[in-house]
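Take a look at the chain below. Try to pick out its strands and helices before you read on.

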Amino acid sequence: MSRVIRIGTRGSKLALAQTGTIADALRATGAEVELVTVTTPGDKSSAPIPTIGVGVFTSALREALLREEVDVIVHSYKDLPTKPEAGITLAAVPRREDPRDALIARDGLTLGELPPGSTVGTGSPRRTAQLRSLGLGLEIVPIRGNIDTRMRKVTDGELDAVVLARAGLARIGRAEEITETLDPIQMLPAPAQGALAVECRTGDVDIEHLLGSTVDDEGTRAVATAERALLAALEAGCSAPVGALAEIVEDLDAEGRVIERISLRGTAAVEVDGDAVDMVRASALADIRDAEQLGRTLAAELLDLGAGALSGPAQ
Ligand SMILES: NCc1[nH]cc(CCC(=O)O)c1CC(=O)O
């Protein structure tokens, strides 16, 4: 392709690392690539995300794309609103990193080793609800800021621990400070956590094909589709925090041939007796081509189990 490909990115260390992987992959095909930094309201405000709303990190990038200031934009997939945006195409979902959440605690402690009353920082209603439902007597402290700012609260002794996405820590080179990678049995990640979403303008077929043939990963797209379909269906029916994790598993068909299926686990919070929080959980298996339907079916099951009795945005 003879034109220079302009990739829009937020300026944070994490965003630059994520965009850098896409830029490198495109450069490896011989393309000429330029990075354009876009500041978003989410970078300027320090208000809690549930207050300023989902989309704070993504709308400014999409506006720059639609104004033709850039040709490609890269998001953390989990930060994208579930509602599709007119004029914008999801051109690639690259192979995802480890989707799990991670604990960074003082003195190398694991979750089970933190004494009751320990302070754990997170701004995520999903992480808060799941930590509470573990019944460990932890005190959850709302925090915000970039990954380095959050980690500093542990090194400075202000908090006993923080919970962050493993993928983000790996991308900025701080994964070795993780003291425990949380098992999805205890902590289901956010839908599409660890995955990137690479968008271009609808109709920009050169770019769409280039992205589709260089950085798209079919398996990641399928698991992210299942997780996001679950989130979208629950957003429509409730406002509880939601966790989801889909994985590709090998199974046998009726004739005994090995086939790939998607296994999906989901959780959502339910309020019991005032402020006590419980989580409902469910899981299901489907053909890899039925990812979207699988997400919707599991969401319906969670709603039947009582998901949605809690107020606050799903994130
Ligand atoms: N909401 C902030 C955000 N968006 C993406 C990541 C990490 C990378 C990812 O999950 O893909 C993070 C930080 C975190 O949750 O620890």
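This report goes through the domains, the sheets and the core.

## The model and its domains

This is a predicted model. The protein is divided into three parts: domain 1 (5-94 + 196-216), domain 2 (101-181) and domain 3 (223-304). The centres of domain 1 and domain 2, taken over C-alpha atoms, are separated by 28 Å.

## A sheet built around β1

Start with the open sheet that contains β1. Five strands form this sheet, and their order is β2-β1-β3-β10-β4. The pairing is mixed. Which strands stand at the edges? They are β2 (33-37) and β4 (88-92). Each has a single partner strand, so one side of each is left without a neighbour in the sheet. On average, neighbouring strands here are turned by 35° against each other, direction ignored. Strands of a sheet pair through backbone hydrogen bonds, either parallel or antiparallel.

Now follow the partners of β1. Strands β1 and β2 run parallel and are joined by five bridges. Ile7 stands opposite Leu35 in β2. From β1 the chain crosses through α1 to β2, and this β-α-β crossover is right-handed. Strand β1 (residues 5-9) also runs parallel to strand β3 (residues 72-76), with two bridges between them. Here Gly8 has Ile73 of β3 as its bridge partner.

## Helices on this sheet

Helix α1 (residues 13-27) lies across β1, β2, β3 and β10 (196-201). Its direction is at about 165° to β1. Helix α8 (residues 205-214) lies across β1, β3, β4 and β10. This helix runs at about 30° to β4.

## A second open sheet

Another five strands form an open sheet, in the order β7-β6-β8-β5-β9. Its pairing is mixed too. The edge strands are β7 (139-141) and β9 (180-181), and each pairs on one side only. Strand β6 (residues 119-121) runs parallel to β7, and three bridges join the two. In β7, Ile140 is the bridge partner of Val120.

Helix α5 (residues 125-133) packs on this sheet. It touches β5 (101-105), β6, β7 and β8 (161-165), and its direction makes about 170° with that of β7. Helix α6 (residues 147-155) lies across β5, β6 and β8. Its direction is at about 155° to β8.

## The nonpolar core

How many residues are in the largest nonpolar core? There are 79. Val198, Ala226 and Leu230 have the most contacts inside it. Helix α9 (residues 218-237) gives the most to this core, with 10 residues.

Not counting residues up to four places away in sequence, Val198 touches Ile22, Val72, Val74, Ala91, Ala92, Pro94, Leu211 and Val215.

## A closer look at Ala244

Find Ala244 in strand β11 (residues 242-252). Is Ala244 buried or exposed? It has 31 C-beta neighbours inside 10 Å, so it counts as buried; the cut-off is 20 or more. Beyond residues up to four places away in sequence, Ala244 touches Leu188, Pro191, Glu227, Leu230, Leu231, Leu264, Arg265 and Gly266. Leu230 on that list is also one of the residues with the most contacts inside the core.

Asp287 is 43 residues from Ala244 along the chain. The C-alpha atoms of these two residues are separated by 17 Å.

Definitions and conventions. Residues numbered from 1 in each chain as written. Predicted model: local features only at pLDDT ≥ 70, side-chain atom pairs only at ≥ 80, totals over all residues. Pairing = 2+ DSSP bridges. Helix = DSSP H or I, 4+ residues; strand = E, 2+ residues; numbered from the N terminus. Axes fitted to C-alpha atoms, helices over the stretch in contact; angles between N-to-C directions. Contact = placed C-beta atoms within 7 Å. Domains from an automatic or database assignment. Core = buried A, V, L, I, M, F, W, Y, C linked by C-beta atoms within 7 Å. Buried ≥ 20, exposed ≤ 12 C-beta atoms within 10 Å, placed from the backbone. Right-handed = clockwise from strand over helix to strand, strands pointing away.
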